[in-house]
Structures are given as C-alpha cells and as structure tokens.
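Reader: Hi, I've got a new model open and would like a walk through it. Can we start?

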Amino acid sequence: MKLNQVRKDFPILDQHVNQAPLIYFDNAATTQKPQSVIQAMVDYYQRDNANIHRGVHTLAQRATDLYEQGRQKVADFIGAQAEEIIFNRGTTEGLNFVIRSLIEPVVNSGDRILTTKLEHHSALVPLQALCERRQAQIEFLPLQTDNWQVDLNALNKLDPQGIKAIVIQQMSNVLGVVQPIKDLAGWAKQYGILVIVDGAQAVPHLPVNVKDLAVDGYCWGAHKMYGPTGIGACYLAKEHHETTPPLFYGGEMIHHVGDYHSDFKESPWKYEAGTMPIAQVVGFAAAIDYINQVSYPAIQQSQANLGQTLYQGMRAMDGIELYQNAELAQQGIISFNLQGIHPHDVATAYDLEGIAVRAGHHCCQPLMRELNCQATVRASLGLYNTPAEVDRFLAVTEKVRDFFAWA
C-alpha cells in the first residue's frame with residue numbers, strides 16, 4: 001500500500017489543527033472519506049437525484065438502479081444475497097431491528113440471552129429493554145482472562161435450556177478483541193439459538209463472509225469503513241424473512257393498504273419504510289470500491305505494523321497503563337490511561353498538538369467496570385495513518401505526561 005498516494009485520496013487530512021499537522025487517530029469512532037466517496041455522492045445529487053422505486057421517469061429509474069446496485073455491492077462484499085441486505089441508519093438501528101423483530105418474538109418469561117461485558121451500549125441497552133418487557137434474563141458469556149475472547153470450553157459446559165439468542169461484537173471497539181464468531185455460531189446452531197453480530201468495528205479491518213460465519217443477523221455502518229454517515233446495513237438470513245416483522249411502517253414498504261389491514265412487499269423492501277438515504281447508499285458502494293481497491297491484506301498489514309509500533313512504544317514509557325496485550329494491538333486500537341490524569345484532560349492536550357483521539361467510556365460502561373476505570377483514552381488507526389504519525393504520537397505522549405507531572 002502506497003501511503004503517500006492513499007493520503008492524497010483523503011482531502012480532510014491536509015490541514016493543521018492548533019498550528020500542527022492533523023493526526024487523526026479516532027477511526028474507531030468514525031473514519032474519514034476518500035474523494036471518490038465524496039464525489040460519488042456529489043455526482044448523484046448533480047445528475048440522478050430522484051426518489052426511488054415509485055417513479056417511472058428517467059431520473060427515478062436511474063436513482064433506483066444506483067440504489068439497488070448499491071445493495072448488490074454490499075451483499076457481494078459480505079457474501080450475502082441482495083434480498084438479505086436491509087438498509088438503515090447504521091449499526092444501532094440495525095441491532096435494534098434484529099433484537100426487537102427477530103429475537104423478541106421467540107423470548108418468553110425466564111428465557112436467557114447471552115452476550116458479553118465488552119458490548120457496545122447499542123446492543124446491550126436494547127437487550128436490557130427486551131428482557132424487562134419479556135421477564136427474560138441477560139447472561140454474560142465467560143471470557144478468557146488473557147485475551148478477552150469467549151471461553152469456548154466454558155461455553156460447552158453451559159446448559160442451553162432456555163437460551164434464545166447470542167448477541168455479540170465481532171471486534172471490540174475498546175480492546176480490539178476479535179471473537180470466534182464461527183465457533184460460537186456452530187455451538188448455537190446445535191440448539192436452535194439465534195446469533196446476532198455487531199460488526200461495526202470488524203468490517204473496516206477484516207474480510208467478512210456471513211454465510212461462512214453462519215450467523216442469523218449481522219449489522220454494521222458505512223461511516224467506520226470510509227463511507228458516509230447516516231447509512232448502515234443489516235444482513236438478515238433469508239430463512240427468517242417470513243417470520244420477522246418490520247420495525248418501521250409507512251410508505252413504500254407496503255403492497256396493499258386496506259381500510260383496516262395492510263400487507264407488505266417482499267423483503268428487503270418491506271423493511272425499508274419511507275424515503276431512504278439514497279445518496280448515502282451511493283457513497284456506501286463507493287467506499288466498498290475503495291476498500292477493494294486498497295485490499296484487506298494491505299490494510300491489515302499496515303494496521304498490524306503500526307499498532308505494534310504504537311503499543312510497544314507506549315509500553316516502554318513509565319506512567320502509562322495499557323488495557324490489552326500486544327496481540328490485540330494488531331487491530332490498530334489502543335486503549336490506555338496516563339496514571340493520575342483524567343482521560344479528557346489527556347485528550348485535550350493531544351488536541352492542542354493537532355492529534356485527534358477519543359476519551360471516555362466508549363459506550364462500554366460494563367467493560368470499564370471490568371477494567372476498573374471510568375474511562376480511557378483510545379487511539380485507533382485507519383488505513384491512511386503513517387509510521388511518522390505514530391512516532392509523533394509517542395513523542396507527544398511523553399510531552400503530555402511530563403507536563404501534567406510538573407503541573
């Protein structure tokens with residue numbers, strides 16, 4: 001991967017923040033967008049803008065073609081069929097949909113849903129609400145102490161009675177842990193247990209094939225994979241389409257509306273009520289083209305090298321508390337604290353040097369309790385980050401640490 005050329009594709013990186021060249025290390029929150037994604041959306045608005053599916057005029061036909069071509073591209077990207085891809089606003093909406101429409105109808109009082117303490121609030125909070133409505137129970141899967149992965153040996157000792165679903169991240173947004181989804185799904189399928197995956201962090205880093213993983217649902221958003229905000233995709237396995245009702249109702253998703261009863265279109269259109277974010281779908285497809293152009297092997301190699309350099313550099317410093325091991329750092333997500341300094345103060349100090357990082361609980365408060373802290377600083381890498389930026393980050397880290405030590 002030619003980093004100099006890649007960086008030229010991202011116009012936002014060519015700027016100074018607080019009189020210093022911008023270093024963007026907040027990619028786990030959202031990534032920057034290449035010019036090809038931006039231009040694809042501009043082109044749509046300048047040439048093809050119309051509402052989809054409904055019109056017979058030329059612009060409507062062109063817009064519809066772009067939208068459905070985008071669906072096919074997303075499906076191909078994760079090894080699904082086009083009708084199994086449901087567009088929505090992002091990972092949060094996708095998880096709410098599958099939890100409410102796929103899982104909840106099969107849950108009864110006393111049933112159990114498995115998850116982990118690493119989960120993002122966008123999965124955990126809807127599960128809590130479901131369990132309150134159904135008088136069901138959340139049960140946290142046992143994790144290995146060295147790498148935070150689900151302990152498969154302990155899993156095999158669980159009583160499957162009453163377990164209706166597993167809801168889990170493929171990759172942690174705090175620690176970079178990659179969970180053994182295929183193994184989990186293999187265990188679950190023996191007992192008819194649904195498996196739903198939050199893929200928000202995984203898709204930017206790893207090639208994903210939902211058929212190979214054998215999951216029932218998989219949700220992610222475009223904005224963490226160099227695409228636009230406001231658009232995500234939910235894979236719903238075709239076997240569930242007849243029994244899974246829509247979450248939203250309104251225009252376009254209906255087939256016939258009677259005075260007292262309505263029926264709906266076939267999937268995936270029955271799940272997409274109202275005017276969809278058409279330009280964002282166009283941008284989503286362009287982001288997939290960009291990732292395919294750069295290639296996952298190149299992205300993974302670059303981020304593994306940079307992640308290791310960053311981790312080992314931080315590990316060599318005094319006064320730094322790291323929350324994962326070196327192997328996990330290969331995903332390019334490093335969570336840490338400077339001892340005795342509030343993470344928000346640390347993030348502000350980085351910003352004064354032109355470096356963007358995230359500080360807080362990262363929508364993972366149960367995990368923060370497991371880490372015995374209220375918040376962390378998180379540096380997360382993207383495909384456009386460079387060794388020089390990592391070196392600069394390490395130098396600034398020492399500067400920030402020493403400043404607060406003398407303050």
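Reader: There's an open sheet of 4 strands here; what is its strand order?

Author: The order is β13-β14-β17-β16, and the pairing is antiparallel. Strands here are DSSP E runs of at least two residues, helices are H or I runs of at least four, and both are numbered from the N terminus. Two strands pair if DSSP finds at least two bridges between them.

Reader: Which strands are at the edges?

Author: β13 (320-322) and β16 (358-360). Each of them pairs on one side only. On average, neighbouring strands of this sheet are turned by 30° against each other, direction ignored. Axes are lines fitted to C-alpha atoms, for helices over the stretch in contact, and angles run from 0 to 180 degrees between N-to-C directions.

Reader: Which helix packs on the sheet?

Author: Helix α13, residues 387-406. It touches β13, β14 (333-338) and β17. Its direction makes about 20° with that of β14. Contact means heavy atoms within 4.5 Å.

Reader: And how many bridges join β16 to β17?

Author: 3 bridges, with β17 covering residues 376-380.

Reader: Before I go on, where does the model come from, and how are residues numbered?

Author: It is a predicted model, with residues numbered from 1 along each chain as its sequence is written. Local features need pLDDT of at least 70, side-chain atom pairs count only at pLDDT 80 or more, totals for chains, interfaces and linings use all residues, and side-chain values use heavy atoms, with hydrogens and water left out.

Reader: Zooming out, how many helices and strands are in the protein?

Author: 13 helices and 17 strands. The C-alpha trace spans about 75 × 55 × 35 Å along its principal axes.

Reader: What is its radius of gyration?

Author: 22 Å, which agrees with the value near 22 Å that a compact globule of 407 residues would have. The radius is taken over C-alpha atoms, and the globule rule is 2.2 Å times the number of residues to the power 0.38.

Reader: What share of the residues is buried?

Author: 56% of the 407 residues. Buried means under 20% relative accessible area, exposed over 50%, partly exposed in between (1.4 Å probe, protein chains only).

Reader: New topic: how many aromatic pairs are there?

Author: 18. Rings of Phe, Tyr and Trp (its six-membered ring) pair if their centres lie within 6.5 Å; planes under 30 degrees apart count as stacked, over 60 as edge-to-face and the rest as tilted. F77 and Y296 form a stacked pair, 6.0 Å centre to centre with 25° between the planes.

Reader: Where in the chain are those two?

Author: F77 is in helix α3 (residues 58-78) and Y296 is in helix α10 (residues 296-315), 219 residues apart. F77 is buried at 13% relative accessible area. Y296 is buried too, at 11%.

Reader: Which residues do ring pairs link into a cluster?

Author: Y67, F87, Y218, W220 and F284.

Reader: F87 is in strand β4, so which way do its residues point?

Author: In a regular strand the side chains alternate between the two faces of the sheet. In β4 (residues 85-88), I85 and F87 point one way, I86 and N88 the other. All are buried.

Reader: What is the bridge partner of I86 in β10?

Author: C234. β4 and β10 (residues 232-236) run antiparallel, joined by 4 bridges.
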